[in-house]
Amino acid sequence: MDLTTTYLGLTLRNPFIAGPSPLTGRLDTIRLLEAAGIAAIVLPPLFEEQISNEQMAFFHSIDTPAESFAEALSYFSEQEHAIVASEAHIAHLVAVKKDTDVPIIGAINAVTPDRWTDYAIRMEGAGADALELDFYFVAIDASESGEEIERRFIDVLRRVKESVRIPVSVKLTAFHTSLAHFARSLEAAGADGLVLLHRFYEPDLDIKNLEPLFRLQLSDSRELLLRLRWLAILSGKVACSLAANGGVHSVEDTVKAVMTGADCVQLTSALLEKGSGYAATLRDGLAAWLEQNGYDSLRQMRGSMNIERIPDPRALSRAHYMHLMDSWGVHYKGG
Amino acid sequence: MTRKSVTIDGNEAAASVAFRLNEVAAIYPITPSSPMAELCDTWSASGRKNIWGDTVSITEMQSEGGAAGAVHGALLAGALTTTFTASQGLLLMIPDMYKIAGELIPFVMHVAARTLATHALSIFGDHSDVMACRQTGFAMLASSSVQEAHDMACIAQAATLESRIPFLHFFDGFRTSHEEVKIELLSDDDLGFMMRDDLIKANRSRSLSPDRPVLRGATENPDTFFQTREASNSFYLACAQIVQRVMQQFAGRTGRSYDLFEYYGDKTAERVVVLMGSGAQTAIETVERLENQGDKVGVLVVRLYRPFSVDHFISALPKTLKALAVLDRTKEAGAVADPLYLDVFTALREYGNAEGTHLAGVRLIGGRYGLSSKEFTPGMVKAVFDELRNDKPKNRFTIGIDDDVTHLSLPYDKTYDIEGGDVVGAVFFGLGSDGTVGANKNSIKIIGEETDNFAQGYYVYDSKKSGAVTISHLRFGPRPIRSAYLLRQAKFIACHQFSFLEKLDMLQYAAPGAVFLLNSPYGADEVWEHLPEEVQSAIMGKQLRFFVIDGGRVAREAGMGSRINTIMQTCFFAISGVLPREEAIDKIKGSIKKTYGKKGEEVVRRNWAAVDTTLDNLHEVSVSGRKVSGRPRPPIVPDQAPDFIKKVTAPMMRGEGDRLPVSTFSPDGTWPTATTQWEKRNIAYEVPVWDPAVCIQCMKCSIHCPHATIRGKIFDPALLSNAPSAFQSVPLHSKNFGEKQFTIQVAAEDCTGCGLCVTVCPAKNKQDPKRKAINMTPQAPLREQQRENYAFFLGLPDFDRSTVDTIDVKTSQYITPLFEYSGACAGCGETPYVKLLTQLYGDRLLIANATGCSSIYGGNLPTCPYTTDREGRGPAWANSLFEDNAEFGLGFRLAVDAQRNQTERLLRGFGSVLESDFVEEVTKPVPESDKDIALQRGRVRELKRRLQSITTQEARRLEMLADYLVPKSVWILGGDGWAYDIGYGGLDHVLSTKHNVNILVLDTGVYSNTGGQASKATPLGAAAKFAAHGKDTNEKDLGLMAMSYGHVYVASVALGAQEGHTLKAFLEAGSYQGPSLIIAYSHCIAHGYDLRLGPQQQKLAVDCGVWPLYRYDPRRADAGEPPLIVDAEGGKRPVSEYMTNETRFKMVEKLDPEAFRRYAAESQLAAERRMAVYRHISQLRLPASKGGGTTPTEGPAETSLQPEKEA
């Protein structure tokens, strides 16, 4: 079965991409993913704030106690070579590229405009086949409008595109007032692909100890539904590549994502949960499913259920909500 | 040939040559030589090679004795080998030095000469250590400047290869080892030129090899030893000529010419001073000045001190010489004279006798100067020359102090100043953590390397580790700078912390018309009103130009926290005009990039941002028309302080200890305790404030406080009638003590503001969980009120511990600590253990303290944190050495037991007079409970009362010894460097005995005090000095080793993980009548994270299993129970989680992520394996005791296994 697909102009042997996770942060697990047939790998994002904070923490922990007591003018050896975090990140990319044959996508989450381009250039130099701009951002500043935020992101994308030759995708969250409009603006600004959608890490509360609780909640197939809706809508409105991200756990999930317009699916929770070998299971399962259901290739299926082609497009819009409310009324017994 | 000029310190200058000319180094850290070893280790780890292109093998040993042994072996086996040391470390090398010299092995060791510990330890510089080696057979070559430290390192190496005499190359600790100055660097080609291949080959051909076997180190007998010993004479006779020749060869290559004895001054001088080391530079500078005034004076600088060449010495002296003063920087108590004097005397005498020359009538006097880096100034040099002019000069004198006891000291003009007009001096007062010294080091490099100026930087540090004041003395000018003493008048004074104005008279350094730069929260318009009267007066009187900047705000806005260094550095360059402003800013930025680039672009970016906004915030304050209107500086100690504090401690606290005369001091080094209470350092910007409405009265804040500055008390509500209005208290929740009030009080003026108490506080405000039962609040507005509250708090009755049966965490903290306000780092992980120890045993406690952090915060003057209770009892504390502490503490026990036995013997002699029942009662063993101790104290009081009516000598003796009937608790304290490494042999031996001593190892897993070198307690995968890429072996399991004896009580504790467990272990160890060992996890700034989080990290260490909690009690074995109880066995979190919180592990991750992962996996496995062993032991039931062994005086606190262990 022909599972090949094109994503960001890259030909992939199948639609399964390893999304950024601890599994893509280590060379040994990357080797396992490649052996399991994964088609491309997105490295963990280079988080500007994390790097900045870490650098400043390093700086303060090393420099603040230094030069104040005659017997201990320092507490660590002065390393003669760089130890900055971004260097380690780039070094990882170089090592991965050297060790693997599948396309490697570098991910960036920066804050200051200069850094987006700075990191992009360095990743391109280190051999990244494509870049994923991770616009993970919680809009807590009440003085910044949605329009301003979107303009800022578009500006970042434009500057990155001007700086590198490799394809660039944008990872979006669902929290834009007009996602379709924003997607189109991004495409106009040069986005080669969109990744739908970012999963927010949502802190829980420890109500006894009065503390926020941070724990990683892996996705499940229910989360795919939101992605399917936006894949279906956007695949009819933009020409760039689309990737499904969040909630792909099974062959059926993959089929749905591709049918709604995804060129590929990013696997993260599924791999963390079931191990890197699960990529092979999905690949083989997808081939079998296509076979069983009479498809010639994966391409044949792509977008078959998007907003243009789905038998009842109202299902994707407001009417769908109305329908659900109506049906809920049937079952609701009141009280 | 143009050589590279660099601005470096003496340690780097010497190490640079030593590294490039050797193949092997065996090292051990000791101040002030540690940086030499650290640099070599860093260079080796970074791939630098020696001049032959080989990697230099660097190995840290367990002690200097170990390093010397390894050096000896490496030398004999043919490798060019070096080492670095000082002071006590050098003493430990002496046995091997005799061997190396006896075997005529070429070798150079580099010594940053430091004071030997006598009545006290001192880390500073003099020649007492090297002079203790003059009899070993080593050649001794002295450098008097940083350039010489560089050059002589090379000359020594060349000379040792040719002469076969090993060389001790030395320079003055701190004054040269830590002075930064511009020097010309020897290139690899220069060094290669000086090394003769034929000599290296000859050296190697003499080495031990099974291919050409010989015997070395034989045992000789009366028939041959003497002759063999004399057989090396010719080598010593040839040595001086060889060194001279090498110096000439060196001069031919570099243009820098040296002599064995080098004379400076008038060729027809009549008065000459002889000395060696950094003081020579000051003497030369002074001689030049005096010569210009027409004085016929000179100075003879000794470079090759051993072998002492009489011929070279005599020929270096001017023929016109009439009077000679020899200055020794050491003291040999009881000797006829100090050593250099004796050598000179012998030389003159022998030469005079043989030749009957012009030198026969020369007047010779000898004096001591500069012990422990005491300043040696031109005024002192001049005083010595003046003395030589006297008809009857003092034959033996001291200079630099006021000896009002034996009247040896010479008077000198303290104001005599010869600083050249072309030298610009600048003095900066900074706070340790604000980065002032680092920035000044950069400035010196900028000026030295980027301009034609010569530059010198010297830095004076505090004796405290928290809130430390640093004073930087910078000189620069067009001529090489020789002045090896502190600036006295400067054209630029900078105060980087506004609060210093209240404590330090920094404007004493200001020359008329100088610039005064102040980091001030107050702007140019309002600052004047906030200045103390003395500061206003000095500004007006000296007509200073006065600038202010709110550096704190600029730093905060640039995201730099409290690091104001680059801001103040920018101000310095902008005002001083050393460089054009724009150029200076470019250079500063370049220097920031160079310094911080490897730490990350963000660090560079923020520093640059700080620099960019500095000049807009720098303002000159117009002083014309101002009036002196400020409040006078407050007295440094209050009026109610004891006389000794006012007369001795207070001047030391003001930095005026130099002025105190000899009679002030106890001649045996005895000092009073209980003196930190008078310091009131006010170093915290924020202090904790108690919110009684939220408090759950758990006392965690108190038990974790490293400085005993947050305390709790319970007291009778009636006592509140006199309380200050702002004093807070609430009814005590517990009713175990009846109706009592409870309070938590902060010593706001003593608190370091570490915030640790807030971190551990478990009580949250339910409406605003960000707030707890204690919250950090700015200190300044609270100071007066809290001072009053704290005074009232201290006046409340102390908790009577004899009223409780069981001490738990809460009650332990009602007890007044007898260790308070130490100078330890803010947030220190060690001091809470020490404080707890004094709460449990303080009034009957003897502490033997190994050298290290705990001896510094425990015994570094001017003040002592150990204090006394209302009865005047408190810990008796002493430090002997680093290496002998276990034995030293055992000595305490032996003496206490001997005196106790003697007391009992005497007492039994009074059986009939004192009533035999009473004698029996007072002599029976006393259980180690507070109630029983209190009862016994009562009996002893009664005994003393009864003895008053007996008039015999025996009764008086018994009276004096009677207090030994109250059990004394002997504790041996030290860090892991002592316990695991240098002192392990002694510690092991003490554990092997059955004496009742308690050993507390404050385990930071690193040599904290000397700056973070790896010890055998350093965990796997942690970066430390000498383990830059992560330590690649596990820490040794000291506890398990101690358990193997069977009769040793052993506990592993972590206060941050379980306070109750720590308390239990301390109580069990104290009650156990044999040897006890407690290994206490102590977080440390050398781990690289915010110490507020120390307790949390301790808990994580326990939860992940790298730090198990256990107690091994031999009494349990005697009771038929498994002796080991594992109280926390980890496995709750992955070890990697613990590792990623600390810079020491993260640094490895940044350098080599794969290595980090490997270490994390290995550490996980090691923790699990270690726990498996413990689990196994904890299930062992050993055969019960059938008599013999240590007699338990009471049962163990716990005899049952934990339920899960039984299952």
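User: What relative accessibility does B:F124 have, and what does it count as?
Analyst: B:F124 has a relative accessibility of 30% and counts as partly exposed, where buried means under 20% relative accessible area, exposed means over 50%, and partly exposed is what lies in between, with a 1.4 Å probe and protein chains only. Please keep in mind that this is a predicted model, in which local features need pLDDT of at least 70 and side-chain atom pairs count only at pLDDT 80 or more, while totals for chains, interfaces and linings use all residues. Residues are numbered from 1 along each chain as its sequence is written, chains are lettered from A and ligands numbered from 1 in the order in which they are written, and side-chain values use heavy atoms, with hydrogens and water left out.

User: How many aromatic pairs are there over all chains?
Analyst: The count is 46 aromatic pairs over all chains, taking rings of Phe, Tyr and Trp (its six-membered ring) as a pair if their centres lie within 6.5 Å, and calling planes under 30 degrees apart stacked, over 60 edge-to-face and the rest tilted. One of these pairs is B:F124 with B:F174, which is tilted because the planes stand at 45 degrees, with 5.0 Å between the ring centres.

User: Where do B:F124 and B:F174 lie in chain B?
Analyst: B:F124 is in the loop between β5 (108-113) and α5 (128-131), and B:F174 is in the loop between β7 (167-172) and β8 (180-184), so the pair ties together parts of chain B that are 50 residues apart in sequence. Helices (H or I, at least four residues) and strands (E, at least two) are DSSP runs, numbered from the N terminus. B:F174 itself is buried, at a relative accessible area of 2%.

User: And how are the rings of B:W971 and B:F1066 arranged?
Analyst: Their centres are 5.7 Å apart and their planes make 20 degrees, so B:W971 and B:F1066 are stacked. B:W971 belongs to strand β31 (residues 969-975) and B:F1066 to helix α36 (residues 1059-1071), so this pair ties together parts of chain B that are 95 residues apart in sequence. B:W971 is buried at 0% relative accessible area, and B:F1066 also counts as buried, at 0% relative accessibility.

User: Which residues touch the most other members of the largest nonpolar core?
Analyst: They are B:F742, B:W971, B:W978, B:L1000 and B:L1077, in a core of 141 residues; a nonpolar core is a set of buried Ala, Val, Leu, Ile, Met, Phe, Trp, Tyr and Cys residues joined through side-chain atoms within 4.5 Å. Helix α41 (residues 1153-1178) of chain B gives the most to this core, namely eight residues. There is also a second, separate core of 84 residues, and among its members are B:A156, B:L168, B:L340 and B:L364.

User: Switching to sheets, what is the order of the strands in the seven-strand one?
Analyst: The order is β3-β2-β4-β5-β7-β6-β12 in chain B, and this open sheet has mixed pairing, where two strands pair if DSSP finds at least two bridges between them. At the edges stand β3 (57-60) and β12 (304-306), each pairing on one side only, and from one strand to the next the twist averages 20 degrees. Inside the sheet, β5(B) and β7(B) run parallel and are joined by six bridges, with B:F171 in β7(B) as the bridge partner of B:A112.

User: Which helix packs on the sheet there?
Analyst: Helix α3 (residues 64-76) of chain B does, touching β2 (24-27) and β4 (81-85), and its direction makes about 165 degrees with that of β4(B). Contact means heavy atoms within 4.5 Å, and axes are lines fitted to C-alpha atoms, for helices over the stretch in contact, with angles from 0 to 180 degrees between N-to-C directions.

User: Which peptide bonds are cis?
Analyst: The bond from B:R306 to B:P307 is cis, with omega near -10 degrees, and B:P307 lies in the loop between β12 and α12 (310-316) of chain B. The bond from B:L861 to B:P862 is also cis, with omega near 20 degrees.

User: What about phi at B:M699, and is that residue buried or exposed?
Analyst: Phi of B:M699 is near 75 degrees, a positive value in a residue other than glycine, and B:M699 is buried, with a relative accessible area of 2%. As background, most residues other than glycine have a negative phi.
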